[in-house]
Each structure stands twice: as C-alpha cells, then as structure tokens.
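Trainee: I have the file open now, could we go through it together?
Mentor: Gladly, ask whatever you like and we will take it one topic at a time.

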Amino acid sequence: MTARPVRVLLAINTLARGGAERQLVELATGLDRERFSVTVLCVVSGGPLADELTSAGIHVAIFDSRNPVELLRLIAHVRRQAPDIMHSFLFGSNIVGTLAATIARTPVVITSRRSLGFFKDRRPHYDLLQSLANRFTDIVIANSEAVREDTLRREHLAAEKVRTIYNGVALGAVARDSDRTRATLLGEADRDGPLAVVVANLIPYKGLDYFVDAWRQVLRRLPVARAVVVGEGPARAALEARAADLSGSIRFVGSRGDVPELLRATDVVVQSSLSEGFPNAILEAMAAGRPVVATAVGGTVEAVEHEHTGILVPPRDSAALAAAIVRILTHPEFARTYGLAGRKRVESQFAVARMLGRYADLYMSTLSSR
C-alpha cells in the first residue's frame with residue numbers, strides 16, 4: 001500500500017441531476033480522504049451537481065470530447081493527473097475514459113453499467129466501441145444483478161470480471177415541515193388531499209405516458225388526489241399535452257434540488273418505467289419512509305419487496321398501476337407499514353456507507369492485484 005492516498009479519477013458524461021450523477025457525487029464526497037484522493041472528469045459538459053462537488057473540495061474538469069481538440073486536451077489532462085484508478089459511470093464516459101486511461105497508462109480501469117443495454121439495440125457501432133473498451137478494462141461494475149446478467153449476455157465477458165455494487169442513499173431524518181412543502185407544491189387549497197410523487201427523467205423508457213393514463217383512472221376514485229412529476233427531459237411537452245384534460249391534477253415542476261423533502265411530503269412514490277437498471281428514486285423514497293408503487297422491471301424487483309415495502313405491477317399496464325396507487329392512498333395502514341419496512345430495508349441493504357465500503361474494498365483489492 002502506498003504512503004500517499006490512492007488517486008481516483010471518476011468520469012461521467014455530465015453532472016446534470018440524475019441517478020448515476022448523484023451516485024458519483026456520493027462516492028466522490030464520501031470516500032475516506034486519508035485513503036483516497038478523488039477528482040472528477042466530465043467528458044461532455046458540466047451541470048448543477050458540479051457546484052456541489054467543488055463546494056466539497058473535489059476538483060472537477062470539464063471537456064467536450066465530441067470536439068477532437070477537446071478530446072486531446074482531455075487525454076492530456078488525464079496524463080497530468082496520473083490517476084491510480086480510472087472509474088467511469090456511463091456509456092460515453094466508459095469509452096472516452098478507457099481511451100484516455102489506456103494512453104495515460106493508468107494502472108486500473110473500471111467501467112460501469114447502470115442500466116439495461118436496450119439503448120444499444122440497432123446501434124452496432126455502440127457494441128463495437130464497448131467491445132474495444134472492454135479489452136482495456138479490468139473490472140465492470142453493475143448496479144444490480146439484473147444489469148450484471150444483461151451485461152454478461154450482451155458483452156460476453158468473463159463472469160468474474162463483472163461485479164455488482166448496489167446504489168447507496170443517505171438516510172436523512174424525516175423533515176418536520178412536510179405540510180409546508182405540500183402547501184408550496186400544491187397551494188393551500190390542495191395541501192390536504194392525497195399526493196403522489198414521480199421522480200424521473202422525462203424520457204420515453206420511464207413510461208410516464210402510462211402514469212398519466214393511470215392517473216386519469218385514479219381521479220375517478222379520488223377526485224381530490226394530486227400528483228407531482230419531478231424531472232426534465234425531451235418528453236415533457238408531450239406529457240403535459242397528454243395531461244391537459246386532468247384539470248391541473250398533475251403538476252410538472254421540472255428538475256429540483258430538494259427531492260428528499262418532496263418525497264417526505266408525499267403519500268406514495270410512483271415509478272412507471274419500462275426498463276430500469278437500479279432506480280435511485282425508489283431507494284430515496286424508501287429511505288424517506290414512503291411506500292412505493294413501481295413496475296416490475298430490471299433491478300426494481302431487487303429493491304422493492306412486493307407487498308412488504310410497496311406494490312409491484314406489470315409494465316405498460318395503466319389499470320394495474322392505477323389500482324395499486326388507489327390502494328395505497330385509500331389504506332393509510334398499508335402506506336405506514338410499507339414505508340417503515342422500506343426504511344429498514346435501505347438501512348440494512350442500501351445505505352450509502354455500505355456502498356462506499358464496497359467501492360473502497362474493490363479499489364484497494366484491484367489495485368494491489370495490479
């Protein structure tokens with residue numbers, strides 16, 4: 001073991017608000033600084049989470065690697081940094097990070113798989129780039145067993161090369177001003193009605209069109225119910241148009257930095273995804289002690305225990321989604337029991353301290369083997 005801290009360079013596409021980006025921030029700021037010296041590299045652009053990192057004393061370098069000149073500057077930056085470990089988080093940074101780390105002769109290269117690989121379908125050049133990068137990669141980290149199995153099937157890697165480390169979330173205290181948060185979101189007139197919250201990037205595979213259709217059915221049973229959708233993305237305009245006839249009962253509030261407070265103010269957290277690697281928003285809901293209604297896809301079934309911490313329903317089934325939401329909103333005893341069980345599950349399985357310990361052990365063991 002070296003006398004100095006191990007230099008870890010974490011690479012990602014951007015630092016916009018999202019699940020993978022949030023996990024990078026937790027890792028960068030949470031690793032023991034006596035053991036690890038962490039810096040961050042964005043290979044496309046920055047984002048609001050960059051300020052959070054710099055405020056914590058983490059250096060962030062931003063390059064647009066789509067520009068050949070910027071790519072050369074990025075590679076030169078990695079050579080100057082001379083990291084012991086390059087760890088990248090998403091597809092673009094996996095490719096660019098591995099290229100830069102290989103040229104810089106970085107001792108350990110780790111890449112991540114944080115979603116199922118459907119985005120590579122009908123894009124053979126993605127598979128080619130990933131296959132080339134894999135030749136220079138020591139370890140691949142999946143954030144769920146579903147993602148690990150998908151990676152092994154698609155990329156034909158040796159089983160021992162792909163490891164699973166689940167996402168971790170912070171366990172904050174329950175907010176005392178939940179009523180105030182509801183009033184801010186909904187207005188005084190609607191603050192006392194049932195409230196559902198969705199946290200998701202507004203992109204097609206999140207299945208939010210099915211949620212809007214489900215919410216139309218929820219309103220038939222609970223006309224005073226309200227929903228808040230937190231997130232941004234290219235599908236927002238279409239979703240707002242789809243919900244235009246619902247009398248403002250669904251509010252799209254864009255990207256927010258106060259998601260934990262919003263989750264603590266809700267009665268149920270809903271996820272309608274068609275595909276998931278391992279959803280951060282679900283873990284955050286469970287950490288907040290809130291029941292979950294989610295589609296049984298990908299790693300979601302590893303996080304949510306059906307009829308224990310929430311209710312799982314089939315994807316693309318608005319009727320089943322609506323029935324589960326109504327069940328939670330009309331049975332406070334279920335909501336309370338599921339919420340407490342979810343909190344305990346996060347404490348035992350998905351706390352950020354557990355995640356940090358697993359990454360630290362992996363870094364040290366992989367580096368020592370090199």
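Trainee: Is L49 buried or exposed?
Mentor: In this predicted model, L49 has a relative accessibility of 4%, and because the limit for buried is under 20%, L49 counts as buried.

Trainee: Where does L49 sit, and which residues does it touch?
Mentor: L49 is found in helix 2, which covers residues 49-55, and, leaving aside residues up to four places away in sequence, L49 touches L15, A16, R17, E21, R22 and V25. For a sense of the distance to another residue, G19 is 30 residues apart from L49 in sequence, and their C-alpha atoms are 12 Å apart in space.

Trainee: Switching to the rings, how many aromatic pairs are there?
Mentor: The count comes to 10 aromatic pairs. One of them is formed by Y166 and F278, whose ring centres are 4.9 Å apart with the planes at 40°, so this pair is tilted.

Trainee: Which parts of the chain does that pair link?
Mentor: The pair links distant parts of the chain, 112 residues apart, with Y166 in the loop between strand 7 (162-164) and helix 7 (178-186) and F278 in the loop between strand 11 (268-271) and helix 11 (280-287). As for accessibility, Y166 counts as partly exposed at 22%, whereas F278 is buried, with a relative accessible area of 4%.

Trainee: And what does Y166 form with F350?
Mentor: Y166 and F350 form an aromatic pair that is edge-to-face, at 5.4 Å centre to centre and with 85° between the planes. Y166 lies in the loop between strand 7 and helix 7 while F350 lies in helix 14 (residues 332-350), so the pair ties together parts that are 184 residues apart in sequence. F350, at 2% relative accessibility, counts as buried.

Trainee: On to helix packing, at what angle do helix 1 and helix 15 pack?
Mentor: Helix 1 (residues 19-30) and helix 15 (residues 352-369) pack at about 70°, with their axes 10 Å apart, and that angle makes helix 1 roughly perpendicular to helix 15.

Trainee: Which residues make the contact?
Mentor: From helix 1 the contact is made by Q23, E26, L27 and G30, and from helix 15 by V352, M355, L356, Y359 and Y363. Sorted by class, this contact of helix 1 with helix 15 has 6 nonpolar, 2 polar and 1 charged residues.

Trainee: What about E284, what does it touch?
Mentor: E284 is placed in helix 11 and, at 22% relative accessibility, counts as partly exposed. Not counting residues up to four places away in sequence, E284 touches R22, V169, V259 and L263.

Trainee: Last topic, which residues other than glycine have a positive phi?
Mentor: Among them are A82, with phi near 45°, and R122, with phi near 65°. As background, most residues other than glycine have a negative phi.

Trainee: Where are those two found?
Mentor: A82 lies in the loop between helix 3 (68-81) and strand 4 (85-88), and R122 is found in the loop between strand 5 (108-113) and helix 5 (124-134). A82 is partly exposed, with a relative accessible area of 34%, whereas R122 counts as exposed at 80% relative accessibility.

Technical notes: Residues numbered from 1 in each chain as written. Predicted model: local features only at pLDDT ≥ 70, side-chain atom pairs only at ≥ 80, totals over all residues. Heavy atoms only, no water. Helix = DSSP H or I, 4+ residues; strand = E, 2+ residues; numbered from the N terminus. Buried < 20%, exposed > 50% of the residue type's maximum accessible area, 1.4 Å probe, protein only. Contact = heavy atoms within 4.5 Å. Phe/Tyr/Trp six-rings, centres within 6.5 Å; stacked < 30°, edge-to-face > 60°. Axes fitted to C-alpha atoms, helices over the stretch in contact; angles between N-to-C directions. Parallel < 35°, antiparallel > 145°, perpendicular 65-115°, else oblique. Nonpolar A, V, L, I, M, F, W, Y, C, P; charged D, E, K, R; others polar.
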